[in-house]
Amino acid sequence: MKTPYFTVKDIIQITGITKRALHYYDKTDLLKPSKVEDNGYRYYDQEALGNLQMILLFKEMNFSLKDIAAMMQLSKDEQKDILREHRSTLVQRTQKLETIIDQLDEYVDGTDISHLHLFDNSSILSIQEQYESEAKFIYGDTEKYQEFEANVSELSAEEQEKAYQQFSVNMEQVFRELAKHQDRSPASREVQALVRKWKSCLEQFMVCDIEILRCIAEAYTMDRRYAGYFDQFGDEDFLRFLYQAIMFFIQSASNR
């Protein structure tokens, strides 16, 4: 029986590969035609078709063309050893993707970016750590920040984590209560009582003078990262309401 040869068109119909990809594999020596006629027509035998199917399999498994070229020179057993190792890598990537999807869902559902665990087991610092580094960069030479740092340094890592978590919970409770009073004047007695409670939360770590409170209030309104966080508590006017309430508190304290 004569050895069957397949034209480029045949190969395209059999495998679904594009003509451009097939020509590229030829150009890079990844898969050469079994023969080329004088008129330039390329033909592939069954062995070449089998090799192409292996190339497409490896490509689907997320190997680079460079790696595939090297693998095509190996024995079947050697290829399987590489595939076993590659499987472990794919499992790790799958777990990472599952984490990313979970964190994406949490963020879309309203979880603040600082509460996400997207950078766990990563060389990238967590958002909370990035915030801390940013704060130190901006305020590190101030007396109040140094006081804060000294207070935190007295806590163990576990105590720090617990304190930060409790701080986050307490702040969220205050903001939710403030959102319930959004229909009132920022200067009202109930709203100002909640602002004092907000200040008390901050003072878990440091004494907050008027200047620090003013900086925090302005950061809330000027740093776009806070917008997504405060969206979970009230409507689009909540952040402006909160700023007005804090500034009234500051003004009242200044006049005493």
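This is a short chat about a predicted model of one protein chain.

Reader: How many helices and strands are in the chain?
Author: Twelve helices and three strands. Bear in mind that the model is predicted.

Reader: And what share of the residues is buried?
Author: Of the 256 residues in the chain, 30% are buried.

Reader: What about contacts between residues at least 6 apart in sequence, how many join residues at least 24 apart?
Author: That comes to 54% of them.

Reader: Let's go to the surface. How much accessible surface does the chain have?
Author: About 17,200 Å², and carbon and sulfur atoms account for 51% of that.

Reader: Which residues form a nonpolar patch there?
Author: Leu 104, Tyr 107 and Val 108 do, and together they have about 330 Å² of accessible area.

Reader: Where does Val 108 lie?
Author: In helix H5, which covers residues 76-108.

Reader: Is Val 108 buried or exposed, by the cut-offs?
Author: Exposed, because its relative accessibility is 62% and the cut-off for exposed is over 50%.

Reader: Switching topic: which helix has Gln 192?
Author: Gln 192 sits in helix H9, residues 189-202.

Reader: Buried or exposed, that Gln 192? And why?
Author: Gln 192 counts as buried because its relative accessibility is 7%, and buried means under 20%.

Reader: So what does the side chain of Gln 192 reach?
Author: The backbone oxygen of Ala 245, at 3.0 Å.

Reader: Which residues does Gln 192 touch, leaving out those up to four places away in sequence?
Author: Ala 245 again, plus Pro 186, Ala 187, Phe 248 and Phe 249.

Conventions
Residues numbered from 1 in each chain as written. Predicted model: local features only at pLDDT ≥ 70, side-chain atom pairs only at ≥ 80, totals over all residues. Heavy atoms only, no water. Helix = DSSP H or I, 4+ residues; strand = E, 2+ residues; numbered from the N terminus. Buried < 20%, exposed > 50% of the residue type's maximum accessible area, 1.4 Å probe, protein only. Contact = heavy atoms within 4.5 Å. Areas by Shrake-Rupley, 256 points an atom, 1.4 Å probe, with all protein chains shown as cover. Patch = residues over 30% accessible without salt bridge, like charges linked within 9 Å, V, L, I, M, F, W, Y side chains within 5 Å. Salt bridge = Lys/Arg side-chain N within 4 Å of Asp/Glu carboxyl O. Polar contact = N/O pair within 3.5 Å; in protein donor to acceptor, adjacent residues only side chain to side chain.
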